[in-house]
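These are my notebook entries on a structure that I had not examined before.

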Amino acid sequence: MMSKFPTFKTPGDQDAYIGIFEHKLQGYWALMTRVKNKFFSDDSLTKEWKWEELQPKTIEIFRDITSDLMYQTEVDFKERYPDYKTADDELFIPYRSFKENVSEALNEALDQRDKGD
């Protein structure tokens, strides 16, 4: 999902936006680091890895795990605390699930087309 960068009405609005972004970035980074450390830390069978030592695909997997955990945590939280639910909650589809669903649908369509040839 691509977000549009807003046109700010005042420099203060831009500062507020950047502040919110920085806060969310720090939170996301902390969660990504927790996921990385869970898989690659001193209590695992390997050494503690630094981000710059990881392959891009490994970082992508950590990002996917983190995003999925964040989504599942939000769903579970809103189930336990329904006051936090909004109308949009039923519309959100996790990126990974959406990608897999589209890929599966395309593969099924191609299979049907090939059977028809």
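Predicted model: local features only at pLDDT ≥ 70, side-chain atom pairs only at ≥ 80, totals over all residues.

The entries below record what I looked up under each heading.

**Entry 1**

I counted the secondary structure elements and found three helices and zero strands in the protein chain. From the N terminus on, the order of these elements is α-α-α. I then looked up the burial of the chain: of its 117 residues, 11% are buried. The accessible surface is about 10200 Å², and carbon and sulfur atoms account for 58% of that area. Among contacts with a separation of 6 or more, 33% join residues 24 or more positions apart.

**Entry 2: helix α2**

I checked the length of helix α2, which covers residues 56-80. Its 25 residues should span 36 Å at 1.5 Å a residue, and the end C-alpha atoms are 36 Å apart, so the two values agree. I also listed the buried residues of α2, which are Phe-62, Asp-64, Thr-66, Tyr-71 and Lys-78.

**Entry 3: the nonpolar core**

I looked up the largest nonpolar core and found five residues in it: Met-32, Val-35, Trp-51, Leu-54 and Phe-62. In soluble globular proteins, nonpolar side chains tend to be buried together.

**Entry 4: salt bridges**

- Lys-57 is partly exposed because its relative accessibility is 49%, and Glu-60 is partly exposed at 27%.
- Arg-63 pairs with Asp-64, with the closest N and O atoms 3.0 Å apart. Arg-63 counts as partly exposed at 36% relative accessibility, whereas Asp-64, at 14%, counts as buried.
- Glu-79 and Lys-85 meet at 3.0 Å, N to O. Glu-79 is exposed, with a relative accessible area of 52%, while Lys-85 is partly exposed at 37%.

**Entry 5: a nonpolar surface patch**

Which residues form a nonpolar patch on the surface? I found Phe-5, Tyr-17, Ile-18, Phe-21 and Leu-25, which together have about 470 Å² of accessible area. Phe-5 lies in the segment before α1 (11-39). With 53% relative accessibility, Phe-5 counts as exposed, since the cut-off for that class is over 50%.

Definitions and conventions:
Residues numbered from 1 in each chain as written. Heavy atoms only, no water. Patch = residues over 30% accessible without salt bridge, like charges linked within 9 Å, V, L, I, M, F, W, Y side chains within 5 Å. Areas by Shrake-Rupley, 256 points an atom, 1.4 Å probe, with all protein chains shown as cover. Salt bridge = Lys/Arg side-chain N within 4 Å of Asp/Glu carboxyl O. Helix = DSSP H or I, 4+ residues; strand = E, 2+ residues; numbered from the N terminus. Buried < 20%, exposed > 50% of the residue type's maximum accessible area, 1.4 Å probe, protein only. Contact = heavy atoms within 4.5 Å. Expected span 1.5 Å × (residues − 1). Core = buried A, V, L, I, M, F, W, Y, C linked by side-chain atoms within 4.5 Å.
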